[in-house]
Amino acid sequence: MSPMNKYPEELIDALTKGTYIFIGAGISKLAGYPLWNELAYLLIELFWDQKEQVPNPNFSFNYTQKDHLFTLLKTKDNPIMVMDFLASINEEHFYNSLKSIFDDVRAGKENPNIFMRFNELKNIVSNKFIQVNIDDGFQRALKIGDNEIDVNDNFSDKKLTYLHGKIGNKHSIVFLRRKYDDGYLDERSKIMEYLIPIFRNNNVVFFGYSLRDYEILQAISRARIQSNRSGNKPRKHYLFEAVWESKSTEYEIAREYYSRNYDVEMLRYDLSDKDYKKMFDVIDDVSQEVNKKYQLEKQNDPLRREVTGEHNATP
């Protein structure tokens, strides 16, 4: 790491030349959208409030089941099991309820400022984004056209990919167990065929993302195995991690674990003053360093100036 920069040179270099940027649910949370567990809570409440209107002649949603679903979230942190159960009551109502929750955020409390912080990184043509949440706030805030996006049933490597689907397209949404298994357990699935080469050939950057998602770690592991088999050094990836001072020891253990097993370098930012909104500053700082390096390379590279049309006229 250069003493002049806050972040590893390899990270800044990757973002300057173009790489893949994961936009996690933590970013959408800062824009007003619910995290997975929060979403599961909201869905339980919606199903309960509307239980008399949910058609299922073979099933009755009762208070004991509702209470058990809340317990699953509190003790097992298992939103997928909760969502599977609700979808089993009435799948059409499940997807309609999802849409209504996201529509309410979009119509009321959505704050696009966190999304707009990525504008400079987006303007580097070779940077591409992979979004794991299903809201479309990032796409709208950065004015990414529908012709520049992929949804998970069609990976063609466009500017923005919705890895787990997009709200409003229920067939694309990967929230239920069978869809996760179809997507990630088969190495030849569309999702894995898309992800493995990305991790094998690029220094991937994660913002607002949790590595508790084992499915993504599977893709990183498989990419690492392929690199080792071919005699190539596995790529290093970077993840920005929010840390409270009281969790420093936990962070150090996790940092060592993910570095040793997945070649992921966790980059800590402290939450002592601005809470999770410190992510705004992180994105701004990274973008500033990337822009500084990009402008310097543009000045020193006549070919790049020719391509962009920004060379100086001969006096």
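**Entry 1: helix α1**

I began with helix α1 (residues 9-17), where Leu11, Ile12, Ala14, Leu15 and Thr16 are buried. Buried here means under 20% relative accessible area, exposed means over 50%, and partly exposed lies in between (1.4 Å probe, protein chains only). Helices (H or I, at least four residues) and strands (E, at least two) are DSSP runs, numbered from the N terminus.

A note to keep beside me: this is a predicted model, in which local features need pLDDT of at least 70, side-chain atom pairs count only at pLDDT 80 or more, and totals for chains, interfaces and linings use all residues. Residues are numbered from 1 along each chain as its sequence is written, and side-chain values use heavy atoms, with hydrogens and water left out.

What do the buried residues of α1 pack against? I found β1 (20-23), α8 (119-123), β5 (205-207), β6 (237-243), β7 (264-270) and α14; contact means heavy atoms within 4.5 Å. Just after α1, Gly18 takes a positive phi of about 115 degrees.

**Entry 2: the sheet**

Next I followed the seven strands, which form an open sheet in the order β3-β4-β2-β1-β5-β6-β7 with parallel pairing. The edges are β3 (149-151) and β7, each with a single partner strand, so one side of each has no neighbour in the sheet. On average, neighbouring strands of this sheet are turned by 20 degrees against each other, direction ignored. Two strands pair if DSSP finds at least two bridges between them. Gln131 stands opposite Tyr162 in β4.

Axes are lines fitted to C-alpha atoms, for helices over the stretch in contact, and angles run from 0 to 180 degrees between N-to-C directions. Gln299 lies in α14 (residues 278-300). Is Gln299 buried or exposed? Gln299 counts as exposed because its relative accessibility is 54%.

Helix α11 (residues 190-201) has buried residues too, including Ile191, Met192 and Tyr194.

**Entry 3: two phi values**

Lys143, in the loop between α9 (137-141) and β3, has a phi near 55 degrees. Lys143 counts as exposed, because its relative accessibility is 70%. Asp263, in the loop between α13 (248-262) and β7, has a phi near 55 degrees.
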